[in-house]
Amino acid sequence: MSAKTLKPLADVEAATVEVHDVHKWYGAHRVLNGIDLTVRPGEVTVILGPSGSGKSTLLRVVNHLEKPEIGHVSINGELIGVKRHGDRLKELSERTILTQRGRIGFVFQNFNLFPHLTVLDNVAAAPVATGRLNKPQAQELARELLGRVGLADKTGDYPRRLSGGQQQRVAIARALALRPGVILFDEPTSALDPELVGEVLAVIKDLATSGTTLVIVTHEIGFAREIADRVVFIDGGKIIEQGPPSEVLDKPRHERTRDFLSKVL
Amino acid sequence: MSEPPGAAVALAEAPPADEPSKPLAAQRVLPLRRPGRWIATAVVLVLATQFVHGLTTNPFYQWDRFGYWFLRPNILDGLLITLEVAAYSAVLGLIGGIVLALARLSKSPVLRAVSWTYIWALRSIPLIVVLLFLYNFSALYKTLSVGVPFGPAFLSFDESKLATDMVVAVIGLSLNEAAYAAEVVRGGILSVDQGQHEAAAALGLPKSYQFTKIVFPQALRSITPNYVNQLIGLIKSTSLVFYVSLLDLFGTVQSMGATYPGDIVPLLLVATVWYLILTSIVSVIQFYVERYFARGATRSLPPTPLQKLRAGLTDLRARIRREAAV
């Protein structure tokens with residue numbers, strides 16, 4: 001895997017992400033309980049929290065894979081999934097939401113590559129399907145991005161022939177093909193064998209230094225300390241504390257944060 | 001260990017006479033003998049030979065008459081009708097099945113209920129009843145018209161001209177086929193991992209692209225074997241169109257049998273062999289279609305019969321070499 005640092009994606013502006021007072025229920029269970037969060041352009045935010053704390057749900061609310069019942073999310077000031085209608089918020093059409101998602105990168109825990117498409121087609125699919133690039137252009141972009149994640153020689157393979165670490169790198173290249181202003185990572189290394197975690201973290205780290213806005217849900221505390229500009233600790237659907245890693249990870253002010261860190265460190 | 005040195009010497013001095021002198025580790029492991037398997041194989045071979053012998057020598061089958069009828073033009077005409085009816089119904093049935101499956105998976109309760117009711121009704125009514133009902137349909141509705149519901153009509157058809165026997169047969173079989181195909185397609189769509197839907201949505205792929213390029217191709221992997229099963233059933237169901245006065249393969253055999261009562265057995269054999277051939281062709285196509293949709297789903301594609309044969313021969317050669325070496 002090449003160690004060279006990724007260049008920032010030339011024509012992409014790092015995005016600002018704002019989450020305003022988001023509440024979300026699953027039936028009677030309240031998963032998110034009034035979350036407010038602002039991620040500045042180019043900032044790397046790591047979200048930590050015990051299992052079931054709502055951190056993955058929060059991430060999925062940002063690209064509207066989950067609809068919040070109350071509150072809203074905006075990226076670069078544009079409301080996501082809703083529009084203002086007088087003093088109320090109204091749901092957007094599915095089509096418009098899909099267009100909005102086309103500018104938000106999302107990387108899943110289980111990669112979710114398309115198994116019937118080659119690695120190259122996995123990465124090239126979205127730019128072609130959304131009509132942003134024609135097929136040769138999209139494939140050229142895909143080759144370039146696969147080179148950046150160190151998989152230039154795997155373009156013709158089907159995903160199942162790759163290791164978990166390689167699959168996750170393809171998934172990152174697929175997210176980058178959207179030329180996103182922000183990339184959301186939902187526990188990107190949790191499904192990997194321990195010896196494969198490093199290669200994926202290396203790619204994310206390169207992205208972090210390239211100036212893209214990143215929001216990462218992870219359990220890799222060491223990694224968080226290394227790359228995060230800000231660590232957000234969530235429990236019970238609420239932000240308990242946030243700040244630079246040197247504060248939240250090394251001098252946590254809240255009992256629950258201390259408790260969590262003592263269990264995972 | 002405190003054995004007297006003499007004991008060890010005595011063991012070393014008296015090896016069993018018939019044992020080869022090789023050390024135990026270098027000796028070949030003898031495979032377990034399975035006499036039961038050999039006996040069962042012999043019994044089955046005897047029975048199979050008896051069956052084939054009876055089939056070929058029993059004058060009851062009249063194989064000379066079979067040869068006479070097998071490629072007769074009217075039999076081939078019937079075969080063509082069977083193929084036509086089956087092909088149209090297979091395609092229309094699959095299209096109808098996809099529509100019904102999508103309706104059953106839709107978020108609209110009305111679409112879901114209508115689709116459910118259709119499938120419920122058509123799976124409940126025997127195909128022969130559907131066919132006879134349609135056959136008599138033109139007596140119930142003289143004209144079909146397209147227009148505003150309960151309002152004026154723009155287009156009218158004289159049903160007796162529209163509804164030829166072929167059309168009645170194809171519509172009847174398609175209506176029936178669609179109900180079953182709907183469940184096959186729905187099962188296939190449900191078998192696609194939820195993560196695939198999510199990934200497609202997260203990438204912002206347009207809805208139609210999500211279905212046609214991401215979900216459906218993966219669903220086809222499990223749809224194919226089930227739908228082929230359905231298709232083979234359909235090919236045989238075409239024999240029912242005889243009852244709406246369409247002379248398919250079975251219909252021709254039936255009417256020939258009525259004219260030449262002495263030839264009824266060879267005629268039935270002619271139909272049997274043709275149905276066997278049709279099913280075989282479909283099975284071969286199924287193998288290659290499944291192999292095509294397996295790409296990406298398995299690490300290596302299942303081998304074709306030719307590849308299997310080659311691998312088998314290589315194995316056999318290796319085994320012979322091994323046996324010879326030991």
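How many bridges join β8(A) to strand β9 (residues 182–186) of chain A, and do the two run parallel or antiparallel? Hold that thought while I walk you through the model, which is a predicted one.

1. Here is the reply: β8(A) and β9(A) are joined by 4 bridges, and they run parallel. If you want a residue pair to look for, take A:Gly105, whose bridge partner in β9(A) is A:Ile183.

2. That pair belongs to an open sheet of 6 strands in chain A, and reading across the sheet you get β8-β9-β10-β3-β11-β12. The pairing in this sheet is mixed. β8 (104–107) and β12 (238–243) of chain A have a single partner strand each, so they stand at the edges, with one side of each left without a neighbour in the sheet. Going from one strand to the next, the twist averages 15°.

3. Chain A also has an open sheet of 4 strands, in the order β2-β1-β4-β5, and here the pairing is antiparallel. Its edge strands are β2 and β5 (78–79) of chain A, each of which pairs on one side only.

4. Let's look inside that sheet. Strand β1 (residues 17–26) of chain A pairs with strand β2 (residues 29–39) of chain A in the antiparallel sense, over 8 bridges. A:Val17 has A:Val39 as its bridge partner in β2(A). The hairpin of β1(A) and β2(A) has 2 residues between the strands, and A:Gly27 takes a positive phi near 60° there.

5. β1(A) has another partner too: strand β4 (residues 70–75) of chain A, again in the antiparallel sense, over 5 bridges. For a landmark, find A:Val19 and follow it to A:Val73, its bridge partner in β4(A).

6. Now for chain B, which has 14 helices and 2 strands. Of its 326 residues, 25% count as buried. If you take the contacts in chain B with a separation of 6 or more, residues 24 or more positions apart account for 71% of them.

7. One helix pair in chain B is worth a look. Helix α4 (residues 73–104) of chain B packs with helix α9 (residues 165–190) of chain B at an angle of about 45°, and their axes are 6 Å apart. Angles under 35 degrees would count as roughly parallel and 65 to 115 as roughly perpendicular, so α4(B) and α9(B) are oblique to each other. The crossing of α4(B) past α9(B) is right-handed.

8. Which residues make that contact? On the α4(B) side they include B:Gly93, B:Gly96 and B:Gly97, along with B:Leu92 and B:Ile98. On the α9(B) side you will find, among others, B:Ala178, B:Ala181, B:Ala182, B:Val184 and B:Val185. Sorted by class, the contact of α4(B) with α9(B) has 16 nonpolar, 5 polar and 3 charged residues.

9. Finally, how do the chains meet? In chain A, 23 residues are in contact with 19 residues of chain B. On the side of chain A that touches chain B, the elements giving two or more residues are α2 (94–101) and α3 (119–129) of chain A. The largest share, 4 residues, comes from α2(A). By class, this side of chain A has 12 nonpolar, 7 polar and 4 charged residues.

Key:
Residues numbered from 1 in each chain as written. Chains lettered and ligands numbered in written order. Predicted model: local features only at pLDDT ≥ 70, side-chain atom pairs only at ≥ 80, totals over all residues. Contact = placed C-beta atoms within 7 Å. Nonpolar A, V, L, I, M, F, W, Y, C, P; charged D, E, K, R; others polar. Axes fitted to C-alpha atoms, helices over the stretch in contact; angles between N-to-C directions. Parallel < 35°, antiparallel > 145°, perpendicular 65-115°, else oblique. Left-handed = near helix turned anticlockwise from the far one by under 90°. Buried ≥ 20, exposed ≤ 12 C-beta atoms within 10 Å, placed from the backbone. Pairing = 2+ DSSP bridges.
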